Amino acid sequence: MLRTVAAVAKTGALLGTIIAIGFTSLTTVSAVSVSSTQIQLTAGNYDAFVNTQKVKLDEPPTLIDGQFYLPAKWVSDTLNIQLYWDSLTETAHLLTSKAYIQFDPSHDRIQVNGNSVPFHTVAEIRNGRLLVKLSWLATYTNMTYVYHANSQSVEINDLGEPLTPYKESTLRNDDAQQNSRPVAKFAFGKASYRLGEPIHITDLSYDPDSEGLPGYDWAGKKDAYFKAGIYNVTLTVKDGKGNVSEPFSKTVTVLDVPYRTEQEYAFYYKPIGSLLPKEMISAIPKQTTMDRTVPVLVKHSEDRKLLRGTSSKAILEKGFLYQEKIKGHARLYPSYVNGMANDAQLVIMIRNLSDTYAVNVGTTAVSESQASVYTPLLGHKLAENFLATPAASIGEPLVVNPGSAVLYKVSPTLSSGQGFQAIYDLETDGLVDVSYAMVSPGEQPYELGGYRQIQLSDTFRGTYPVSEVTWDIDSRGLNAPVALGIGDLSVEPLLKGFVKGKDMELQEVVNESHAGVRYRFTLNVSGKTAIAFYPRGGFFEGAIRVNGSLITMPAGGITSNEAILIHRTTSTEQKVEFELLAAGNNQLPLDMMLIPLVDKQ
């Protein structure tokens with residue numbers, strides 16, 4: 001079919017026609033605003049419908065070899081696609097969201113992003129008008145279409161092309177294709193929203209040069225609005241070369257119809273790990289001994305002792321800081337700071353109290369800090385590492401011969417002001433004596449005989465029978481928010497232990513902060529529920545893991561001014577497993593907030 005040859009032979013006439021039909025240079029606008037467009041076209045018919053409005057065409061679409069062709073100039077004007085004439089190269093240029101296209105009918109050639117395509121395979125000059133194949137053009141634009149063979153018509157839907165998004169910035173080295181400015185574009189999920197209803201935005205921004213969009217700058221954008229009105233939202237984007245788009249703006253209407261209050265919204269939609277102001281949870285009632293709205297079964301296991309050795313003041317002399325006997329399972333939790341002028345090391349020494357048989361010491365969990373002046377502030381990281389470590393045998397068991405002593409752990413060298421803290425889960429098959437001591441670097445067990453037991457006035461040391469606590473919570477009948485207090489006597493008893501006094505007498509102590517104690521919670525639910533923790537007592541530092549995933553806690557812990565959202569169940573979730581390990585000197589109770597969530601249309 002000889003349809004392009006005649007046009008090529010009449011290049012001069014074609015150029016005049018192109019100029020006549022309005023292929024001009026680019027213009028500039030200050031902002032971009034687009035909307036979707038629906039078009040109906042029929043082959044051979046001069047009538048077209050744009051968003052149901054009837055319009056007349058200069059040249060009707062047509063069928064060529066069974067393919068639907070449409071007038072390029074009319075479509076580009078209707079859809080805000082840039083089509084202009086370059087008088088220097090005598091070529092037409094089409095700039096779409098996905099391609100830079102040059103039409104060169106004189107040489108039967110089309111360049112698409114630098115790649116050559118024969119002009120006659122996808123384009124036609126008819127009555128001085130440029131027609132292009134719909135199926136080909138659609139791949140380089142935002143349009144989708146449906147072709148009806150019986151009526152030889154098409155329905156086109158287009159999300160819109162912004163005006164002048166391709167203002168030239170820089171050129172590639174070979175000047176084959178302009179490096180274009182990126183395009184900012186987005187669409188709201190619907191035209192209006194209710195008070196507290198999540199605003200859904202679809203990001204339609206793109207970079208024609210595929211350099212990525214590392215920079216987004218929103219103005220007026222909110223996740224939800226809690227006052228009725230019309231709000232303007234503007235977006236600009238930046239590509240990988242630093243080119244900035246024109247601003248793109250749209251308005252959204254917020255109706256004076258309630259959906260969620262500001263307090264409710266946080267529990268329904270805020271990201272997990274978000275901090276919530278105290279005002280959002282202050283009205284949630286605390287469960288008491290008299291009111292068992294949510295049944296809770298608490299078990300304090302005494303299978304593993306906790307040997308906690310901590311001082312709020314730096315250690316000013318070498319010597320033994322804490323000593324205790326263990327047999328079976330134990331958790332060691334030392335945390336000390338070197339306050340001496342000289343370097344030192346914190347060691348854990350284990351001595352076999354039997355003169356007849358060896359004792360094997362196995363390790364099933366380890367979490368250690370680095371030597372640091374910030375040791376007191378890194379308790380949450382120590383707890384995170386401990387929860388993230390699966391319980392398993394670590395290395396070969398340490399064999400302690402009869403009557404002998406070995407250094408189980410030697411810290412890095414601690415300069416003045418540096419500290420070290422760690423958590424170890426051990427199991428022994430015999431009775432041993434465990435000591436925490438601050439020593440000179442490199443000292444061995446046989447050199448420690450002259451050290452005395454240091455009497456610390458400001459200390460949190462003690463041996464506690466409980467290091468593991470389980471809660472089984474049945475919230476399946478929950479219909480209103482409730483708070484369950486960890487460390488609250490209305491829910492669980494005190495964690496008591498003992499420490500040896502100056503004259504070796506046993507003195508009762510309480511692990512008020514629950515440091516080193518791991519909580520395992522099983523929460524049974526029957527509907528959507530939000531879970532948050534709030535330090536009602538004043539302060540909490542530690543780690544939380546939900547269904548195996550750690551929740552990022554603030555580096556400095558959380559105070560009574562805020563709560564942290566840790567989980568939101570789905571409608572099909574029936575059980576939640578989560579763990580908590582306290583570190584440092586917490587101020588309990590720590591409230592577990594359970595908030596039932598009710599779906600709305």
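The exercises below, each with a worked solution, go through a predicted model of a protein.

Residues are numbered from 1 along each chain as its sequence is written, and side-chain values rest on heavy atoms, with hydrogens and water left out. Because the model is predicted, local features need pLDDT of at least 70 and side-chain atom pairs count only at pLDDT 80 or more, while totals for chains, interfaces and linings use all residues.

**Exercise 1.** State how many helices and strands the protein has, and what share of its residues is buried.

Solution. Start with the DSSP runs, where a helix (H or I) takes at least four residues and a strand (E) at least two, numbered from the N terminus; the protein comes to seven helices and 47 strands. Then turn to burial, which means under 20% relative accessible area with a 1.4 Å probe and protein chains only; of the 601 residues, 50% are buried.

**Exercise 2.** Work out the order of the open sheet of four strands and find which strands stand at its edges.

Solution. Two strands pair if DSSP finds at least two bridges between them, and the order that results is 18-22-21-20, with mixed pairing. Strand 18 (192–195) and strand 20 (215–219) each have a single partner strand, so these two stand at the edges and one side of each lacks a neighbour in the sheet.

**Exercise 3.** Identify the residues with the most contacts inside the largest nonpolar core.

Solution. Such a core is a set of buried Ala, Val, Leu, Ile, Met, Phe, Trp, Tyr and Cys residues joined through side-chain atoms within 4.5 Å. The largest has 79 residues, and those with the most contacts inside it are Trp 471, Ile 473, Phe 533, Phe 578 and Met 592. Apart from this core lies another, of 36 residues, including Trp 74 and Phe 119.

**Exercise 4.** Classify the ring pairs that Phe 521 makes with Trp 471 and with Phe 578.

Solution. Rings of Phe, Tyr and Trp (its six-membered ring) pair if their centres lie within 6.5 Å, and planes under 30 degrees apart count as stacked, over 60 as edge-to-face and the rest as tilted. For Trp 471 and Phe 521 the centres are 5.3 Å apart and the planes at 80°, so the pair is edge-to-face. For Phe 521 and Phe 578 the centres are 4.9 Å apart and the planes at 20°, so this pair is stacked. Finally, ring pairs link Trp 471, Tyr 519, Phe 521, Phe 533 and Phe 578 into a cluster.
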